[in-house]
Amino acid sequence: ANELRVLIWSEYMPEDFMDNFTKDTGIKSRVELYESTEELVAKLQAGGVKQYDVVVPSDYIINTMIKLNLLQKLDHSKLPNLANLEDSFKNTAYDPGNEYTAPYQWGTVGMLYNKEKLGADYVASTALFFDPASRKGPVVMIDSIREMLGIALKYMGKSVNTIDKSDLKALADMMIETKSSKYFAGFDVGTGGRSKVVAGTAIAALVYNGDAMRAVTEAPDKFVFANPKEGGVIWADNMAIPAGAPHVDYAHTFINWVLDANNGAALSNWTQYATPNKAAKEFITPEDLSNPAIYPSQETMKTLEFITDLGKDNRYYDELWTMIKTR
Amino acid sequence: MFKLNMRYKILAIATYLFLYTPLLAVMVYSFNKSRFGIHWGGFSLDWYVKLLHDDLVIEACINTAVLAVVSTIIATILGTTLAMGLARYPWSKKVMTFFDINLYLPVVTPEIVFAGALVVAFTCLRYISSIFEPGLVTMIIGHVTFQVAFVALVVRSRLASFNNEIEEASRDLYASNWYTFRHVLLPLMMPGIVSGAMLALTLSLDDFIISFFTAGPTSVTLPLYIYGEVHRGITPKIHALSTVGIFVTIALVILSQRISSKDN
Amino acid sequence: MKIIDKPEILYGELSTPRKIRTRGLLRISPGMLWIMLFLSIPALSLIVISFTTRGAYGEIEWVFTLENYKRLAGYSLFGWSPDYLKILLRSIIAGLITTVVCIILSYPLAFFISTRDKATRYLWLTALIIPFWTNLVIRTYAWQIVLAPGLPIAKLAALLHLVPPGSPLYPSPFAVYIGMISAFLPFVALPLYSSVEKLDWSLVEAANDLYCGKWRVFHQAILPQTLPGLSVGAILTFIPAMGMFLIPDLLGGAKYMLVGNLIQQQFGKSRDWPFGAAVSLALMSLTLIALVILNRKGGKMEML
Amino acid sequence: MDYCLEALALHKNYGEVKALDNVDLRINQGELFTLLGPSGCGKTTLLRIIAGLETASDGKLFLNGKPILDIPANKRPVNTIFQSYALFPHLKNYDNIAFGLRSQKVPETQIAPRVAKMLEMLELEKFADRYPDQLSGGQRQRVSMARALICEPEILLLDEPMSALDAKLRVQLQEQLRRLQLRLKKNFILVTHDQEEALTVSDRIAVMKDGHILQCGTPSEIYNHPNCRFVAEFIGTANIFDVERQGNLLESKFGEFVPNTMPEWKKGSLVIRPEGIRLRPEKPAQNGIRSRVIEKYYRGTYQNITLETGNLRMRTAPHRKIEIGDQIWVELLQESLVTIDD
Amino acid sequence: MDYCLEALALHKNYGEVKALDNVDLRINQGELFTLLGPSGCGKTTLLRIIAGLETASDGKLFLNGKPILDIPANKRPVNTIFQSYALFPHLKNYDNIAFGLRSQKVPETQIAPRVAKMLEMLELEKFADRYPDQLSGGQRQRVSMARALICEPEILLLDEPMSALDAKLRVQLQEQLRRLQLRLKKNFILVTHDQEEALTVSDRIAVMKDGHILQCGTPSEIYNHPNCRFVAEFIGTANIFDVERQGNLLESKFGEFVPNTMPEWKKGSLVIRPEGIRLRPEKPAQNGIRSRVIEKYYRGTYQNITLETGNLRMRTAPHRKIEIGDQIWVELLQESLVTIDD
Ligand SMILES: Nc1ncnc2c1ncn2[C@@H]1O[C@H](COP(=O)(O)OP(=O)(O)OP(=O)(O)O)[C@@H](O)[C@H]1O
Ligand SMILES: Nc1ncnc2c1ncn2[C@@H]1O[C@H](COP(=O)(O)OP(=O)(O)OP(=O)(O)O)[C@@H](O)[C@H]1O
Ligand SMILES: NCCCCNCCCN
Ligand SMILES: [Mg+2]
Ligand SMILES: [Mg+2]
């Protein structure tokens, strides 16, 4: 069918977002969802590369996707709104000069927890997960390889991108111990962990900040999102066009449309993720702008780390993950 | 006659309860007002209303039905001719073994391995033609691949159950090949064909894995949709959808029993 | 096959062997080629893939190696640990336990149904088929509700100090088994029922007549007669249970992964086809071994 | 008073159906007793009650003077040979035969010689290592017999043991059964609906119908002196006419007959077996009928001839050459005429 | 030369097995011809070749003088009644009967009266609307007969049509079959391994063994004058002794016998049917044997008595009262003695 096909994370745009896009451009659209970066790549590799027009991969996976010939270059002439971006997002480490991607949203991986269960003055710490003595109730961890392991490495005081074998071995041991704890309530995708905390099935979960914030906004006296004091993962999601996209024109139109100041603000106001769009900032809900859970403070920023592509060494994390899950 | 010990009777009924508890839970919670968890927030039909207005759900329903019906029709035709070819010709032992292995392979291959094999197959075939891009076509192909074997096995055993004399009697009574096929073989095979088709339909409706690995953006089916939603946190909308699914199943079961009891 | 083409009569038709074979091949080809193209040949190609190498980014590199099998045997980047062997073993155990429990529950069920009178028997049977036909995704996630904290079962478990209060009973091995048993029970109960229905009661009477106690009656007169249904049920349960992906995924989380999940992960997120192929072949081999054993125990493939 | 088995006023109801209706039965020591009757008359039911496989609704049952209705099947010294033989298909014949001893926990050292003896007695040595489905019907029957006899039951019950066999084999096995019983001097109760079988092998026969026992006696009593029309018709071929007593003649629409002994009644039936009928060249002194041959079948050892006498057809088995259409004289031998009160 | 069917040197091999081995057969117009023989002798094979359901390996086959081996089954004016009846289970009896006409595209208006006639002739009117599985065995056989006869075949082939029925029904249907054939004056070829059936219904019988025809003749020819030991033993009960010719006596180890006509040979066999044997109060003039009764069975219409004479056992069916152990005189009637060259 003649429509724009977007493959994107779940709960990553307001409900009327695509309708507005259609209203503005006359282009019909269809949205399909995924829950993790790896799932996205697997989907594209399994034939999706010719099925979708826009995908929203995260920073560290972009290099992999380029290497696998899954992405095509952007035609900047069709993207005047690239100018709206923050300067830091015009020249990122993972895609200098926005050759393949344009940023969508950015955020962190942190803790959503139930204040009623943990106390009002609880200071978010991943010890709740990893330290046997600090465990207090069922917790959900995030089903995302690099981010989950990254957070665990941060708890250990290591870099999220380490390839030191002994560090990794220790990481595995810690994860396996955590997993075998009676408080471990499973690995869930971000929204899934969020739902479990909201449903009362778990007292805390490792989730993406925006997903958590929407729950927090609904019940601010019950739920809190915070970046753990040990540090966490920061990330940016980016719009990109698969190599075999059937409607490259629509894709550019869409990306440009998202980069529009108003649309960008509408997006972030709903998702409650941070916007990379400088021009949009003025339309962003002021409370969000000042919310450290969405726009972390400078000090917090120092504790956060970007995940990077490790090339051949990605394999360590893959095998480690398989090992942890299967134990 | 034989009388069943009370203890076993209770155990049997408890087993039924065990089978139905989850289904009942789904039904009950489909009327729950509150969005998350098992906290009962009051009775509500909202979720059913929401279903009706969800284009994705409706599309998933249509996809599920199209996939099941189309694959069943193809598999029934292929499976029936295959069964006739197998049962009605004196294949040598070696040839027959080869056929049998292929026929039983879809039956005994673990689904997940089957799915892996299909992923490999389609990845290669995609170089040949774009119809193998993920989507309804590949899903149908995947489903037919296991359905056809089941249909063929059921029809073949049906064919084996009536002896050659029936067919000889038909020739003896001046019937040509076509007349024999149309008026003797086909009607006699019919119960087998119908139950084979029913089995194929069930298998298609019950499948998740094969669909999971072969679906494309426009071919999401109900099980896939539900699976995705379950990972994001179950909501009463999913319960409502599942409840509808359960009732469709009940209707199908009753319908198929009607058909098969007529056949006998 | 050499064919002397002289008139021959088959099923009453005067024809020649060649004509008949041509017609037979014509009928067999579409279905057979379909299966071969989409299953047999790809399954064979898994063997080849299992010897290739995963590239840095998840592509297949045509460098042939035994690496994947070594990894399967436990040699990982972090030294030897028999994780994958354990997972295979765990899958076998899961298949076995599921099968055995289903069999134990199916006997009373089958006898219960077969002793109902004609009119209600049909209803009970239908009641057994309905869950059997309901999609597995629905049946499985439904347990997530039943096992949720705050509902009686979880409360009871908490009361018994089996789980911390407020915890769900899933993900856990227990939840996986609950899910597996409820999913496969009808697969055993239905064939067993058809065996029980055909049961020659005179053998039971003969056993009674020949001074047997209860257990001996079951063992000598009922078990052998129901063995055909039982082995069909066992095949229909053990093999898919061993390779099950969905139930451990939804109810086991990472706490009770089976080989099916491992394979899914390789073809999915890990994008490691070569290793996925190796694990698939391991599972396939286990399946074939199980089939051979069950076949010997009296199961007939024809009854599937 | 030393009946082997005694049943008093046995009743068995299945819902509305009275399968057994006040059955009295006395079986002597060491006899081969046969229950004979049409399908559904309650033979199997009676046998199963004796075996303990079915409860009685009412009545008493004594085995060697002791009441046994309360003893479960697996404790009664009674064994059954089932119609289908009910051999355990998964056991070799040896193990089938040893089955009853093993379930009684008889030590294996004692079992072996007893099985060997049985195998020998029933000429089954060659088949000990085979499975039942590798035997012919007759061999299976013998295994089933061995399996029951090895337990040395007080009574051996046989429920239509030959009905599944073909005619030739049936005759052979009937003879074998009889010889075996004579040799063992055991009690056998045989159920059958085959009249010839009953006449051939039994010491005594009980003829049953609708849950009742109609007549009980030796084969020749039952054959030659049926006590009612049903028994006369059920056993062998019988010609039966309605007759009315006129002085010391019995009058029928085919003529007047003089029976051996005059009955009490006024209206009744006269029964005559085919072999009580003789063809005569001319009118016999008494009990003669003149008739025309309308059908004949050659049956090897004899011809079956159907005569037409008004509406009445009779069968006779003569050796003379007769053609269809011949007019012949027939005599009903006086000593063969049996009178029956309806 | 107006044979209805003529087979010349027919052969049929299944691999090594010679199912038919040089069979010659001539069947006259309008006769009920029976193929009789033990299991596996090739009866069915011969019938199927006639029907066109099997090819012959060699030989010729003529129907009313025309060769038919190259004509496919659905073009031969021959119909078969299969042992299992092979009724189409999905068709009502009416449609089963109409099948042959419909497949020949006879207009429906002609079919209806013909089916009606058939239904009437075979007394099946009531069952027209039922399905075959709602009929008893005998009724099914009649439907199958109607289905074949409606096509007015030159020859009706019947492959053991009674073997699935119980004894009583079998006798009834044999008579019915014979009457029908006499009425229609059609050619019937009947296959059976039941000797009594063959003797009862046939005009002529061919006795087969191992793919050969041993003897062909009327029932009484075959019964009374078997041409070989096999035929004598296969049909009816026969006593057979080895004898040696000594002048005009035939000598056996039981004594000397005088046959009707002296055989050519020196050593051979003497055959006598049970009904050719008479009990005598004292030594008969010739062909007498003295012997002791060792077994007797009461069989309703007659007693079966086994005599012991050395190793030889004979059966006879007398009416006199005899007890086991009695010493008796027996005469072998001269006219019943048949001599056979082995
Ligand atoms: N379990 C049962 N429930 C109801 N009626 C029964 C049952 N068993 C037997 N009957 C009825 O009881 C009557 C006697 O049955 P039984 O089996 O004793 O007959 P039978 O003389 O052995 O007949 P057959 O020669 O056919 O075996 C029949 O009318 C039968 O229908
Ligand atoms: N299709 C076949 N292949 C091989 N051998 C066959 C086949 N059909 C028949 N035979 C053999 O041919 C011989 C004659 O078989 P046929 O069926 O004609 O016997 P029959 O006289 O009809 O026996 P029955 O009374 O048992 O039906 C047998 O030895 C049989 O084993
Ligand atoms: N529900 C939307 C979640 C989007 C989160 N993206 C995170 C990417 C981290 N790699
Ligand atoms: Mg009975
Ligand atoms: Mg035959």
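What classes of residue make up the shell around ligand 1? By class, that shell has five nonpolar, six polar and two charged residues; here Ala, Val, Leu, Ile, Met, Phe, Trp, Tyr, Cys and Pro count as nonpolar, Asp, Glu, Lys and Arg as charged, and the others, Gly among them, as polar. Keep in mind that this is a predicted model, where local features need pLDDT of at least 70, side-chain atom pairs count only at pLDDT 80 or more, and totals for chains, interfaces and linings use all residues. Residues are numbered from 1 along each chain as its sequence is written, chains are lettered from A and ligands numbered from 1 in the order in which they are written, and side-chain values use heavy atoms, with hydrogens and water left out.

**Ligand 1 and chain D**

- Ligand 1 has 13 residues around it, of which D:S39, D:G40, D:K43, D:T44 and D:T45 come nearest (a residue counts if one of its heavy atoms lies within 4 Å).
- Polar contacts are pairs of N or O atoms within 3.5 Å.
- D:G40 uses its backbone instead, with an N or O atom 2.7 Å from an oxygen atom of the ligand.
- On its own, ligand 1 has 630 Å² of accessible area, and the protein covers 62% of that (Shrake-Rupley method, 1.4 Å probe).
- Two elements of chain D give two or more residues to the shell: β2 (17–28) and α1 (43–51). The largest share, three residues, comes from α1(D). Helices (H or I, at least four residues) and strands (E, at least two) are DSSP runs, numbered from the N terminus.

**Helix α1 of chain E**

- α1(E), residues 43–51, is mostly covered, with eight of its nine residues buried (under 20% relative accessible area; exposed is over 50%, partly exposed in between, with a 1.4 Å probe and protein chains only).
- Among the buried residues are E:K43, E:T45, E:R48 and E:A51.

**Chain B**

- An unreviewed UniProt entry lists "transmembrane region" at several stretches of chain B, including 184–203 and 240–259; such annotations may be inferred rather than shown by experiment.
- Residues 184–203 of chain B are 100% helix and 0% strand, with end C-alpha atoms 29 Å apart.
- B:K50 sits in helix α2 (residues 46–52) of chain B and is partly exposed, at 46% relative accessible area.
- The C-alpha atoms of B:K50 and B:K237 are separated by 7.3 Å, though the two are 187 residues apart along the chain.

How values were computed: Polar contact = N/O pair within 3.5 Å; in protein donor to acceptor, adjacent residues only side chain to side chain.
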